Amino acid sequence: MARLEVLPNQGIIDGFKGTVDFYLYMGIPCARAWPRKPTKQRSAKVQQTWPAFGYAAKEWNNLTSIVQDAYIK
């Protein structure tokens with residue numbers, strides 16, 4: 001991760017799409033290498049959480065605010 005003074009303009013961000021991930025962390029502009037899918041098998045405990053996170057991602061707009069807040073926290 002690299003801290004930046006300011007985020008670059010959208011044209012620069014679009015040029016690095018898929019290579020560099022630009023984001024704000026607690027209001028601080030940052031950049032990092034684009035996240036890659038792990039190459040090794042994930043643990044059984046990690047795999048057990050996938051359905052819940054997949055459901056939350058697909059149904060995010062339909063979830064109640066209470067569930068959304070719990071997910072965010």
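## A salt bridge, a sheet and aromatic pairs

The structure holds 1 salt bridge, a term that stands for a side-chain nitrogen of Lys or Arg within 4 Å of a carboxyl oxygen of Asp or Glu. This is a predicted model, in which local features need pLDDT of at least 70 and side-chain atom pairs count only at pLDDT 80 or more, while totals for chains, interfaces and linings use all residues. Residues are numbered from 1 along each chain as its sequence is written, and side-chain values use heavy atoms, with hydrogens and water left out.

The predictor's confidence in each residue is given as pLDDT, from 0 to 100. The protein chain averages 89 on this scale, and 100% of the residues score at least 70. Helices (H or I, at least four residues) and strands (E, at least two) are DSSP runs, numbered from the N terminus.

### The sheet and its salt bridge

An open sheet is formed by 3 strands in the order S1-S3-S2, with antiparallel pairing; two strands pair if DSSP finds at least two bridges between them. Strand S1 (2-3) and strand S2 (20-25) are the edge strands, each pairing on one side only. Between S2 and S3 the antiparallel pairing runs over 6 bridges, and Val20 stands opposite Ala33 in S3.

The salt bridge is made by the side chains of Asp21 and Arg32, at 2.9 Å from N to O. Because Asp21 lies in strand S2 and Arg32 in strand S3, the pair ties together parts that are 11 residues apart in sequence. Arg32 also lies over the face of Tyr23, at 4.8 Å from the ring centre; a charge sits over a ring if NZ of Lys or CZ of Arg is within 6 Å of the ring centre and within 35 degrees of the ring normal.

In the loop between S2 and S3 is Met26, which has a positive phi of about 55° although it is not a glycine.

A search of the whole structure finds 3 aromatic pairs. Rings of Phe, Tyr and Trp (its six-membered ring) pair if their centres lie within 6.5 Å, and planes under 30 degrees apart count as stacked, over 60 as edge-to-face and the rest as tilted. The rings of Phe16 and Phe22 have their planes at 65° and their centres 6.2 Å apart, so this pair is edge-to-face. Trp60 and Tyr71 also form an edge-to-face pair, with 5.4 Å from centre to centre and 65° between the planes. Since Trp60 lies in the loop between helix H2 (44-58) and H3, and Tyr71 in helix H3, this pair ties together parts that are 11 residues apart in sequence. Ring pairs link Phe53, Trp60 and Tyr71 into a cluster.

Helix H3 is also the place of Gln68, which, leaving aside its neighbours within four places in sequence, is in contact (heavy atoms within 4.5 Å) with Trp60, Asn61 and Leu63.

### Accessibility of selected residues

Buried means under 20% relative accessible area, exposed over 50%, and partly exposed in between (1.4 Å probe, protein chains only).

| Residue | Relative accessible area and class |
|---|---|
| Asp21 | 14%, buried |
| Phe22 | 18%, buried |
| Gln68 | 18%, buried |
| Trp60 | 27%, partly exposed |
| Arg32 | 37%, partly exposed |
| Phe16 | 39%, partly exposed |
| Tyr71 | 43%, partly exposed |
| Met26 | 71%, exposed |
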